[in-house]
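The entries follow in the order in which I took them.

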Amino acid sequence: MAEAIKVPTMAEFMAQGKSPEVLFWVGCAGSFDDRAKKITKAFVKLLAKAGVEFAVLGTEESCTGDPAKRAGNEFLFQMQAVTNIEVLNGYEVKKIVTACPHCFNTIANEYPGLGGKYEVLHHTQFLKSLISEGRLTVEGGKYKGKRITFHDPCYLARANRIYEAPRDLLAKLEVELVEMKRCKTNGFCCGAGGAQMFKEPEPGNKDVNIERTEQALEIKPDIIAAGCPFCNTMMTDGIKNKEKESEIEVLDIAEMIAAAEDL
């Protein structure tokens, strides 16, 4: 059993009169969803390996309000956002990293108008910066030469024009990157955005995640790489629906890097 990594809270840093280099915003999925918790753990291992002084809010972290806002409940969103901003500003947080594009988009783009101005990074951007600064090294290892396609999360790609950071990380893993017909600016939703994650789809001919899974299967990947816990769930469900789970894995890029490093 690998030794447990201590994850300090902002309160503990504050008590010592210190401030961390970065606040890791875990998000609801990363905190409570069993599948997404694995992504959280992988990312924490990478932060520890790179010697990053980071902290989490712990029980002081609440939902960013993204699902409420996208579902049309602006009042609930503002309540959730203002509560979080008060906590963040109380700790004088400057830099935030998160593995959830929904949290990323909301904190980066919605919070400034409510008094919450921070430097916000998606975990693929932060990992890329750690590698370029030489604080983290990555080699292909177990993924070298594997056919991998990257599913662009809507809130990372089309909403915030972040296309290259995840692909640069995959390149470091020495994979064979194959693109789906619909990628980058012409990406396709996994089916969970706009609070659809928390409800059944409306009647129709085909669920969105099945359509997206079929687009991925066309290019016969070994692994579908994701950068969002919602996308991960939807693509995993799509692969199960097609009974391909013995052939194709759905993995977050942080998990792949941690696995390549045997963390």
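I am working on a predicted model, in which local features need pLDDT of at least 70, side-chain atom pairs count only at pLDDT 80 or more, and totals for chains, interfaces and linings use all residues. Residues are numbered from 1 along each chain as its sequence is written, and side-chain values use heavy atoms, with hydrogens and water left out.

Entry 1, the loop residue. I found Leu 57 in the loop between β2 and α4 (66-70). Helices (H or I, at least four residues) and strands (E, at least two) are DSSP runs, numbered from the N terminus. Is Leu 57 buried or exposed? Its relative accessibility is 3%, so Leu 57 counts as buried. I then listed its contacts, contact meaning heavy atoms within 4.5 Å. Setting aside neighbours within four places in sequence, Leu 57 touches Met 10, Leu 23, Trp 25, Val 87, Leu 88 and Tyr 91. I also looked up Ala 29, 28 residues from Leu 57 along the chain; their C-alpha atoms are separated by 15 Å.

Entry 2, one sheet. Two strands pair if DSSP finds at least two bridges between them. I read an open sheet of four strands in the order β2-β1-β3-β4, with parallel pairing. Its edge strands are β2 (54-55) and β4, each of which pairs on one side only. Helix α3 (residues 34-49) packs on this sheet and touches β1, β2 and β3; its direction makes about 165 degrees with that of β1. Axes here are lines fitted to C-alpha atoms, for helices over the stretch in contact, and angles run from 0 to 180 degrees between N-to-C directions.

I went through the pairs. Strands β1 (residues 22-25) and β3 (residues 95-98) are parallel over three bridges, and Trp 25 has Thr 98 in β3 as its bridge partner. β3 also pairs in the parallel sense with β4 (residues 119-122), over four bridges. There Thr 98 stands opposite His 122, and Val 97 is bridged to Leu 121.

Strand β7 (residues 223-226) runs parallel to β8 and is joined to it by four bridges; Ala 226 has Asp 252 in β8 as its partner.

I found α9 (residues 208-217) packed with α10 (residues 229-241) at an angle of about 75 degrees, with axes 9 Å apart. The two are therefore roughly perpendicular (65 to 115 degrees; under 35 is roughly parallel, over 145 roughly antiparallel, the rest oblique). Among the residues in contact are Ile 210 and Leu 217 in α9, and Met 234 and Ile 239 in α10.

How values were computed: Buried means under 20% relative accessible area, exposed over 50%, partly exposed in between (1.4 Å probe, protein chains only).
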